[in-house]
Structure formats: C-alpha cells, structure tokens
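Subject: Handing over the structure

Hello,

Here is the structure I promised to pass on to you. Please open it and keep it beside this email as you read.

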Amino acid sequence: MSSIRPENMERITTPELAEKFIEEQVAEIKAQVGDKKVLLALSGGVDSSVVAAILIKAIGKQLVCVHVNHGLMRKNESENVIEVFRNQLDANLIYVDATDRFLDLLAGVSEPERKRKIIGKEFIEVFADEARKLEGVEFLAQGTIYPDILESIKAAEGKKAVKSHHNVGGLPEDLNFELVEPIKLLFKDEVRVVGEALGLPHGMVYRQPFPGPGLGVRCLGAITRDRLAALREADAILREEFANNGLAEKVWQYFIVVPDIKSVGVKDESRYEGWPAIIRAVNTKDAMSATIEEIPYAVLHKVTDRITHEVEGINRVLYDLTPKPIGTIEWE
C-alpha cells in the first residue's frame, strides 16, 4: 500500500472544504470510470455510505451496491441497511446472505490475523461472484480511510503492522477490478464532514463505526455460533442502554467483546459456567489514539443486570479501561 497523505494536505473541517473535496473526487471518478459500472461493498457505515453518495453523484446508476450479510453483523444490521438504502434512498442494491459461507470457513480458526484475512478474501470472492452476473463492471469501490492504511503499512523502520484491514491490499491476482477509493486519504472526522456536505442523514453520518470483519473480531478466538449469538444479543443491550441514557452520540465507539473463556457462576442456585461480556467504550477524533469514556455506574449496573439475566451463556460483565495506545480500539 503506497498511498501516503501529503504533508501539506489541508484537513477537511468546514463545509466549504468538503464541497471542494467532493467536486475534485467527482471529477476524478468520472475520468477514471467513464461509462463502466462500479461495484461497492455497502455496509451502511459512514465510510461506505459516503463513498456511495460520492459515486452516485458522479456516475448515478452505474454504481451497483452490494450488501453482504456474513453472519457477523450486529442485531438487525442487515435489515436496517436494506430499509435505508433500498427502500428510502432507492439505491441499486444487491443483498447477499453468505452467513454459512463465512462461518464454515471460520470454523476452528482462532488466530486474529487469519480470521481477518479469511473474511477479507471471502468478501472479495463474494463480490467477484456478483460481478460475474453483471455486465460492464470493471471497478471495485472501497471505503478505505487513512487510519486503515496507516495500521496496515509495515513502516520502513521495520515496525510490525498493527493489524491488516479487509479493505486494504491483499486483492487476488486474478481479480480484474480496478480500485476506486475516494476517501482513502481522510481521517474519520473528515469523512463525517464530507458526509454532511453530501446531505446524508445525520444518524447515518454519525453512526458508530463498525469493523469490516464485524463481530468476527469481537467474538475472540475461534468463532462458535452459540457464542456469536450471545455476543450479538449482549451488544444490542449495550447499544439500547447507551441510547436510553444519552450516551449514543457522546461516546464515539462502544461495543461488547466475548472471549473464548468461561468462569464459574451461580444461576437458579446451581453451578453455571459462562463467558464474560467485556464492555469497550472509547472516544477519539482520528482513530489513531483513543481515550476511555467514564460510564456512570448506574448505567453499568443496568447493562450488567440485563446481559446476565437476558443473554444465555454469559455470567459476567467486565469494563475495559485501556486507552489507545497501548490497547487498540478493537481487541483483535
């Protein structure tokens, strides 16, 4: 990956700068794509949504959006994407349910980087399958942003990459797509400014970030369907309680991690072995560093009570107090 942000590149902090950026990208996309079609992975997050909006502005119906349900989505995530993009925004959207395809490949895989690479490679394969059904598709659009690139680069000093990202590098040699990455030099806060300038809904622009590998990097170790289901339910409870207590937009990113370990508990006056649910809540401007949000104990107690009583398989709730650095935002 050779894309390095120029030192003199002005940060996008105002609507005026965002409009200028959009105009430049629209012109570049038109020149690059011509009359061909572009395939875009549309997760519904701010990055892919902004890329979609820029591409629609540039090439309209030549954009084909593909939403892949890899079985690692948050609760009701795919349903919400379909409602917003297909039903409300009238996007050219293809929905692919590839749950079994992904989970079968991930069965027994515990090493984090291997999991990420499997998910990333399979994403490309799914897109290739969809592309073969279409005519005139020569481009693959991606919501790559600058922190993705920084964390994937092995610096000249010999530092080891923090982690690989599913949307950075690693494309199969036989894939004939040319990449379109209009926001690859932007930090997350700049992407949001651009999103607002494009007229995207506020809730979409400030939607909580969600990693490409989804819950696959939050269901730590080898993914099992029962632990994945417990993680999905626990995460939904956390998000609901944060929304109920005015924390949804105060905290930049918050989620649950469920590791592949069990501890002894008591339920119905009997021994009960279960997994711990670990709360992660951080604030950041550019995703390169992050601070821990202090959550009121009343909220933590409510979340703990609900998760331990409503989610099968979880018997403890913990709170991660580690900033970035030294900890990354995601656990894997």
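Below is what was found in it, taken part by part.

First, how to read the numbers. This is a predicted model, in which local features need pLDDT of at least 70 and side-chain atom pairs count only at pLDDT 80 or more, while totals for chains, interfaces and linings use all residues. Residues are numbered from 1 along each chain as its sequence is written, and side-chain values use heavy atoms, with hydrogens and water left out. Helices (H or I, at least four residues) and strands (E, at least two) are DSSP runs, numbered from the N terminus.

**Helix α3**

Glu-77, Ser-78, Val-81, Ile-82 and Phe-85 are the buried residues to look for in α3. Buried means under 20% relative accessible area, exposed over 50%, and partly exposed in between (1.4 Å probe, protein chains only). Looking down the axis of α3, you will find its buried residues within an arc of 125°, so they line one face of the helix. That arc is taken from the directions from the helix axis to the C-beta atoms. As background, an α-helix has 3.6 residues a turn, so residues three or four places apart point the same way.

What do the buried residues of α3 pack against? Their partners are α2 (46-59), β2 (63-69), β3 (93-97) and α8 (202-205), where contact means heavy atoms within 4.5 Å. After α3 comes Asp-90, with a positive phi near 55°.

Next, find strands β7 (residues 263-267) and β8 (residues 270-283), which pair in the antiparallel sense over 5 bridges. Two strands count as paired if DSSP finds at least two bridges between them. Val-264 has Glu-273 in β8 as its bridge partner.

**The nonpolar cores**

A nonpolar core here is a set of buried Ala, Val, Leu, Ile, Met, Phe, Trp, Tyr and Cys residues joined through side-chain atoms within 4.5 Å. The largest one has 48 residues, and Leu-39, Val-68, Phe-242, Ile-256 and Ile-307 have the most contacts inside it. A second, separate core of 37 residues includes Val-33, Ala-58, Ala-91 and Ala-141.

**Salt bridges**

How many salt bridges does the structure hold? There are 26, each being a side-chain nitrogen of Lys or Arg within 4 Å of a carboxyl oxygen of Asp or Glu. Three of them are worth a visit.

- Lys-36 and Glu-138 meet through their side chains at 3.6 Å, N to O. The pair links distant parts of the chain, 102 residues apart: Lys-36 is in the loop between α1 (15-33) and β1 (37-41), and Glu-138 is in strand β4 (residues 137-141). Lys-36 counts as partly exposed at 31% relative accessibility, and Glu-138 also counts as partly exposed, at 36%.
- Lys-188 and Asp-47 form a salt bridge at 2.8 Å, N to O. Lys-188 belongs to helix α7 (residues 188-197) and Asp-47 to helix α2, so the pair ties together parts 141 residues apart in sequence. Lys-188 counts as buried at 6% relative accessibility, and Asp-47 counts as buried at 15%.
- Arg-306 and Glu-241 form a salt bridge at 2.8 Å, N to O. This pair links helix α10 (residues 297-310), which holds Arg-306, with helix α9 (residues 225-244), which holds Glu-241, 65 residues apart. Arg-306 is buried with a relative accessible area of 13%, and Glu-241 is buried with 4%. Both belong to a network of salt bridges that links Glu-240, Glu-241, Lys-302, Arg-306 and Glu-310.

**Two more residues**

Is Pro-213 buried or exposed? It counts as buried, at 2% relative accessibility. Pro-213 sits in the loop between α8 and α9, and its C-alpha atom is 6.1 Å from that of Ile-119, 94 residues away along the chain.

Finally, Ile-329 is in the segment after β10 (314-319) and is buried, with a relative accessible area of 7%. Not counting residues up to four places away in sequence, the residues that Ile-329 touches include Trp-252, Phe-255, Val-282 and Ala-290.

Enjoy exploring!

Best wishes
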